[in-house]
Amino acid sequence: MGAGYKGGFGHTNGEKTHQKNLEATKNPSSSLIDKNIVSEMEKNKIKFTKADLIFATKDKTGQLIFLEKGNSSAGLKHIEQRHTKDFVEKHKIQASQVSKHIHSVFTQGDLEYSRTTVKKGKEGFERLYKYKGEYYLLSGVGTNGFVVSAYPLDNKTAKQHIRRYKK
């Protein structure tokens, strides 16, 4: 019988890397959560549930943005229920990659415009991002940075929004 994976090398850097990769596989969103940003959120008394975080990051403009598991009205559950098909068709990604893709758009995409909106009596932002030269993501973000919703737009619709709202 073998000694298993460690085989006497459990103290090596290779083993430590392997264990980190296993942890990331168990909770893929853990690698999308910037601990410094979480500390900033706590310091600034931003309301969020640490155990429900999918990602916590900032976009290129420095805007704090975080996504939680949410429910059918807001957050990842809402996005998955209402917009996964759109992401698969328009951005050609796998359904299981929606949250990671949204994270990439926020962190690497260029903000085309941001405008203040009021929905259901709550103020927030409508933000349009351009990603990899063509992908557009329209998002609803609360004033605290919480991602309420996000969905892809085709280039034609995105350009109409840009003409209407970009200043």
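Tutor: Let's start with a simple rule: contact means heavy atoms within 4.5 Å. Take Thr-84, whose place is in helix α3. Leaving aside its neighbours within four places in sequence, Thr-84 is in contact with Ile-79, Ala-95 and Val-98.

Student: What kind of model is this, and how are residues counted?

Tutor: This is a predicted model, in which local features need pLDDT of at least 70 and side-chain atom pairs count only at pLDDT 80 or more, while totals for chains, interfaces and linings use all residues. Residues are numbered from 1 along each chain as its sequence is written, and side-chain values use heavy atoms, with hydrogens and water left out.

Student: Is Thr-84 buried or exposed?

Tutor: The general idea is a scale: buried means under 20% relative accessible area, exposed over 50%, and partly exposed in between, with a 1.4 Å probe and protein chains only. Thr-84 has a relative accessible area of 15%, so it is buried.

Student: How many residues of helix α4 are buried?

Tutor: Nine of the 11 residues of α4 (residues 98–108) are buried, so this helix is largely enclosed by the rest of the structure. Among them are His-101, His-103 and Phe-106. Their cover includes β1, β2, α3, β4, β5 and β6.

Student: How do I read a sheet?

Tutor: Look at which strands pair: two strands do if DSSP finds at least two bridges between them. Here an open sheet of four strands has the order β3-β4-β5-β6, with antiparallel pairing. Strands β3 (110–119) and β6 (147–153) stand at the edges with a single partner strand each, so one side of each has no neighbour in the sheet. On average, neighbouring strands of this sheet are turned by 20 degrees against each other, direction ignored. Such angles come from axes, which are lines fitted to C-alpha atoms, for helices over the stretch in contact; they run from 0 to 180 degrees between N-to-C directions.

Student: How many bridges join β3 to β4?

Tutor: Nine bridges join β3 to β4 (residues 122–131), and the two run antiparallel. Lys-119 stands opposite Lys-122 in β4.

Student: What about the other end of the sheet?

Tutor: β5 and β6 pair in the antiparallel sense over six bridges; for example, Ser-139 has Ala-150 in β6 as its bridge partner. The two strands form a hairpin with four residues between them, and Gly-145 in the turn has a positive phi of about 105 degrees. Five of the seven residues of β6 are buried, so β6 is largely enclosed by the rest of the structure. Helix α3 (residues 76–91) lies across β5 (135–142) and β6, running at about 25 degrees to β6.

Student: Which residues does Thr-143 contact, apart from its close sequence neighbours?

Tutor: Leaving aside neighbours within four places in sequence, Thr-143 is in contact with Glu-123, Gly-124 and Phe-125. Thr-143 is found in the loop between β5 and β6 and is partly exposed, at 49% relative accessible area.

Student: How many salt bridges are there?

Tutor: A salt bridge is a side-chain nitrogen of Lys or Arg within 4 Å of a carboxyl oxygen of Asp or Glu, and the structure holds six. One of them joins Glu-40 and Lys-58 (3.1 Å, N to O). This pair links distant parts of the chain, with Glu-40 in helix α2 (residues 35–43) and Lys-58 in strand β1 (residues 53–58), 18 residues apart. Glu-40 counts as partly exposed, at 29% relative accessibility.

Student: Finally, what is the volume of the largest pocket?

Tutor: On a 1 Å grid over the protein atoms alone, a pocket is an open set of points where a 1.4 Å probe fits, with protein on both sides within 12 Å along at least five of seven lines; lining residues have an atom within 4 Å of a point. Grid points are joined across faces, edges and corners, and a volume is the space filled by probe spheres set on the points. The largest pocket has a volume of about 900 Å³. Of its 30 lining residues, the closest to the centre are Ser-73, Ala-74, Lys-122, Phe-146 and Val-148.
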